Every structure is written in structure tokens, then in C-alpha cells.
Amino acid sequence: MSGHVRQARSVLGALARAPFSRRAGAEASYCLLGLPLAVAGFVLVLVPLLLGAVLALSLIGAVLGLLLVLVATGLARAFAGANRRLARRLLGDDLPEPPTARPGGGMLAGLDARLRDAASWRSVAYALAKLPAAALGAYALGWWVTALFDLTAPLRWTLLSLQVSVPTRGVPVITPLPFGSPHADSFAETFWAAAIGAATLAGAPWFTRGAVAVDRWLRRALLGAGPLARRVRDLEETWAIAVDDAAALLRRLERDLHDGAQVRLVALAMSLDMVKEKISCGGPATDTADVRALIETSHSQAVEALAELRSLARGLHPPSLDDGLANALATLTAASRVPVELGVEVSRRPTPAIETIAYFCAAELLTNVIKHSGAGRASMTVTQVGGGPLQLRVTDDGCGGARLIGGGGLSGLSQRVRTVDGSLDVASPVGGPTAVTVTLPLHA
Amino acid sequence: MRVVIAEDAALLRELLAQMLTGRGHEVSAAVPDADALRVAVAENRPDVAVVDIRMPPTHTDEGLRAAIEIRQEHPGTGVLLFSQHIETKYATRLLAAGSAGVGYLLKDRVADIAEFTEALVRVAGGGTALDPDVVTQLAGASGRSHDLGLLTTRERDVLSLMAQGRSNAAIAQALVVSLGTVEKHVAAIFAKLGLPASEDDNRRVLAVLRYLGG
């Protein structure tokens, strides 16, 4: 019972404090400052736009008309920018700037690019739609004014009665919703007015919040990056990652060959030539030991070169992957130092590229388990149901605390997964257990 | 012959030192990077330095830059560069200051020890040793293929060996012909290409390279 009372008390407390909160102040200020901005924006965009459109229809005024339309779109962008800044300053709503139109080529191409710029036209739409939204904000401001006016009714009564003997017509009371035009005709009645004022004050922040929410929705829809623009930005980012990744892989491959197998083969050829020289010299029998040593060096160099080439080749594409992910992962987990329980249930086989990415993710996650987690055992499951995505899940009972940090192994993995529209999630509280889930589409 | 070796792969560095020592040369120092090479050359003043082009820290052209410096500061020390790939640009940079006492070979050439040491001795003595690949690339990059078409196959072989820095005697040995035959070919080449004849091997290399570099 007391719990309910406490709950009710805290709700009432929050309601009572709401009008005086910083947020209510910021939102009311936003409505206040937004109103003249909205009116100015509406007029400054609509007038040149209409004028330009009308002129553009006539043959003579076409050029001037187009220029006016350009002016309108430019002003709309400036207006959108001002709104974006106001929202950032007062509401902390940080909306990324859309990319500016980059006119290329000659004047005509530049004109064309500017006229086609979707972000500009969305700014125009915002400039027009903002006015009704701002009107709603103005109405919300009206609630605040009403509240202040009514709350001071007893005070006004007192002041009036000091000047004139008794206020003849009483003091006016205003209500946020149309409700005749009531008057407080006695001092006692002014307290009724004050009560209406208090109620209005309690409602004002919520109404303001609603008005700001409508405005925010408009801002997001018209001034934020459109879904296509967001997609393009995302693709550009992951594309760059993929290209960098490929270049880095080739560089690493060259370096590995240069420092590894190539050196060993040069040394091998050199040792063999030394053997050849020793034999062709036909030297005394004491040389046999020398020759044997040289041949042994050559042999071990050949063996090491082979091992290096094999590991390089496997690093490029594990041959077992050709027989499917299940086989390749079985080979991978069988060789693991930490015992791994493997479960693979795939109803539709993904494309080779996805299989390869899944395999290398599994390999790297397993390496992480072995290197960093200190786990006693791990499990790896690959599931794919119906036409759904491929899910790779690696869990371990280790120390946890794995995080996606920039430059870290996991974030590199996450970036690589993103290049094919996949995702990587990490759940790893300090103390463990760790679960990493990689979700990949069936084809890139 | 006193030699300093600079090569970052320990295996190759040791094998080279072992091979040169085995053939009666003195290996004063064998170091893994260009800075150590500069120090070793200043300290030991060797006859020749064998230098890997790609070494730490950047694995690009450290060896080449060190080689050019060494040639300027210690004219008595020849430099034989070697690397896994031949870069025409590197050859041009190396030869910009002259062809005396410099060499540029593919690492694979180490496999033929006799030829490699012969080249090393040549560079130590102030001569030139250029990889056949360098010569081919320089010739390929120039616009002289038409003129080269005037030469017979044998003359082209001789030209290539000349460009590599070999003497007439060495060319005769390589092609298994008499010295007189080589001299005849050389004269024919110089006449056909309109090059100034020269007895001096270095000047001859330079003339041929300049010609090939077009």
C-alpha cells in the first residue's frame, strides 16, 4: 500500500516539477524563437518560389524565373540550417547536414545539379511545412502565457482595488480552450482563476513537448539524410573498407612471400650451388661432411619454404571450404587448443564469398577465445533457417570484457562483415561469459 | 676482398657471409639495416658492400639511398645492390651518379655463386654489374627498339653483356667465342649505333646505358 502511495507521490512530484524543468524551458524557448524564424522562412522561400515559377512559365522571364527558384532553394537551405542549429543548441538534437550539391562541369550542368538537388527541395518543403508546426508551437506558448496571466489574478485584483475602490468589471480570466470569456468578479473568485492558471501551467510543458515532437518529426523527415542518402553513405563507407582491406591483404601477401618463401628458395638455390661446386671440385674425402651439412641445410630450407607456402595458401582460401562450411569449421575446431563444441545447421548454402567471410570470422573469433579469454571450453554454432540470414555464434566461458573498440580485432571483423551488409554483436560482461554473434546475408 | 653485407633476412645474410668467407674473402660486417650499414662502412672501409634494397624500417628503398650516399662519401667502396624485383626507376637513380663501382642484381643471381662473386669482384674493382633484367627493362623503356633491330642476334647478346658491365674477355668467356670475335662484334655494334668507341669498360657501359636509356 505504502509503495503505491510513494509511487503516486513521485509521479505527482514529477508533474509539479515539469513546468520548471530545464527541458520545459528549452522547448518553450525553441517554440518562441522558432516562430519568427518560421514566418520569415515561409515568406522568404514562398515568395521567390512562386514568382520564379510564374516567370519561368513565360518565355521572356524564364531565366530570371529559374534564378528566383534557385534563390528560393538557397534560402530554404539557409533556413533549414538555421533551424538545425537552433534545434542543436536548445534541444541537443544533432541532425547531420545533408551533402551539398556539387555542381560540376559548365554553368548549365551546375544549374541542373542545383535544381535537381533533393536536399534543397526537401528544405523548401520544410520551410513551408514548418509554419503550421510553428503555429502549434505558438499555441503551446499561449498555454504558458495563460497560466501566468491567471495565476496572477489575485495580485491584479489587489492592485486594482488599491487604485479604484472596487474593480467594477472584475478581472478577466483566459482559458487555453475556448470557454466563453469568464470574469472573476470577487476576490474569492480570483482564486478560481488562479486554480485554472495552475492547471494550465501543469499542462503547458506537455503541450509544448507535443508541439516540439511534431516539429522534430518534420525536421527528421525533411532535413535528415533520406533513406537513400543514408544507404549511399553506408555503402561508400563499407566499400572503402573493402577496398582498403583487399589492398592490405595483397600487401601482406607480398611481404610474407618476400620475407619468407622467396628468401628460403634463394638460400636453397645458393646452398645447392655450393654443393655443386664442392662436388665438381672433386676435393678430398674430408669434404663429404661439408657437403652433407650443405645438403641438410638445403633440405630443411625446402621443407620450410613448403610449409610457409602451404600456410599462405590456406590463409588465402582454406581448401576444406570447398566442401562446405560445416566441413571447414570441423577441421578448424578440431585443431583448436580449447575444446570447441560445434553445431552447424544450414538449410540453404550461402554463396562462396559469404562462406569464406563466415569461415574467417569463425577462425578469428576462435583465435580470440584461445588467446584472450582464458576459457576452458567454447561452443560454435552456425544456423540458417528458411531464407533467413546465416548466424554464426561463438561463445566461451572465459573472462569476458571483450569490446568493439576502434582499431581492435573485433571492430576490424565488424567492418569486414559490414561490407556484405552483415552485422556483429558482442555480449561480453567483465567476468564472462562472452558471446559473439555474426549475422550474414546468404549472398553478398 | 673485404665485404660488408646488409640484408634483413638473417638466413640469407649468414649464408652470404659463409659463402664469401669460404671463397677466401673477408666479411668485415653483416648487418640487418641501412643505418648499421652506414656505420659499418665508415668503420671498415670495405672494398665492396652487398646491400639489400628493401630493409627495415619502411621496407622500401632504404638500401638504395644508403648505397648512393656510400658512393659519394666513400668512393673506395663499391656497392652491389640486390633485391627481389628489378625496378627501372631504382636503376636510373643508382646510375645517375655514374656506373663506376656500382651493381644492381636480382636476388636470384646469388644462386649462381661463381657469377655472383665475379660480379662482386668487378664492382669492388670499380666496375659495373647490372642484371640482364635491368638492361632489358632499360632497353624496353627506351624508344630504341628500331635501332636495335639493325643488330644481329649475336650482336644483341654482346650488347646486353656489355651493358651488364662485362669486359671483352668476360664476354668471350660467356659466349664461348674468341676474344677477337668479341672485339669484332663490339666494333660492329658501335658503328651501327653510332656510339663513340672506348677502351675503358666503365665509359663503355655508360655509353651503352645512355644509349639504351634513350
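## Helix pair in chain A

In this predicted model, A:Ala28, A:Cys31, A:Leu32, A:Gly34, A:Leu35, A:Ala38, A:Val39, A:Gly41, A:Phe42, A:Val45, A:Leu46 and A:Leu49 of H2(A) meet a set of residues in H5(A), among them A:Val124, A:Leu131, A:Ala138 and A:Trp144. Contact means C-beta atoms, placed from the backbone, within 7 Å.

## Between the chains

Helices are DSSP runs (H or I, at least four residues), numbered from the N terminus.

## Helix H10 of chain B

B:Val182, B:His185, B:Val186 and B:Ile189 are the buried residues of H10(B). They sit on the same side of H10(B) because they cover an arc of only 100 degrees around the axis. The arc is taken from the directions from the helix axis to the C-beta atoms. Exposed B:Gly180, B:Ala187 and B:Ala191 lie on the face turned away from the buried side. Buried means 20 or more other C-beta atoms within 10 Å of the residue's own, exposed 12 or fewer, and partly exposed in between, with C-beta atoms placed from the backbone.

The buried residues pack against helix H8 (153-164) and helix H9 (168-175) of chain B. Just after H10(B), B:Gly194 has a positive phi of about 70 degrees.

## Basis

Residues are numbered from 1 along each chain as its sequence is written, and chains are lettered from A and ligands numbered from 1 in the order in which they are written. Local features need pLDDT of at least 70, side-chain atom pairs count only at pLDDT 80 or more, and totals for chains, interfaces and linings use all residues.

Note on methods
Contact = placed C-beta atoms within 7 Å. Helix = DSSP H or I, 4+ residues; strand = E, 2+ residues; numbered from the N terminus.
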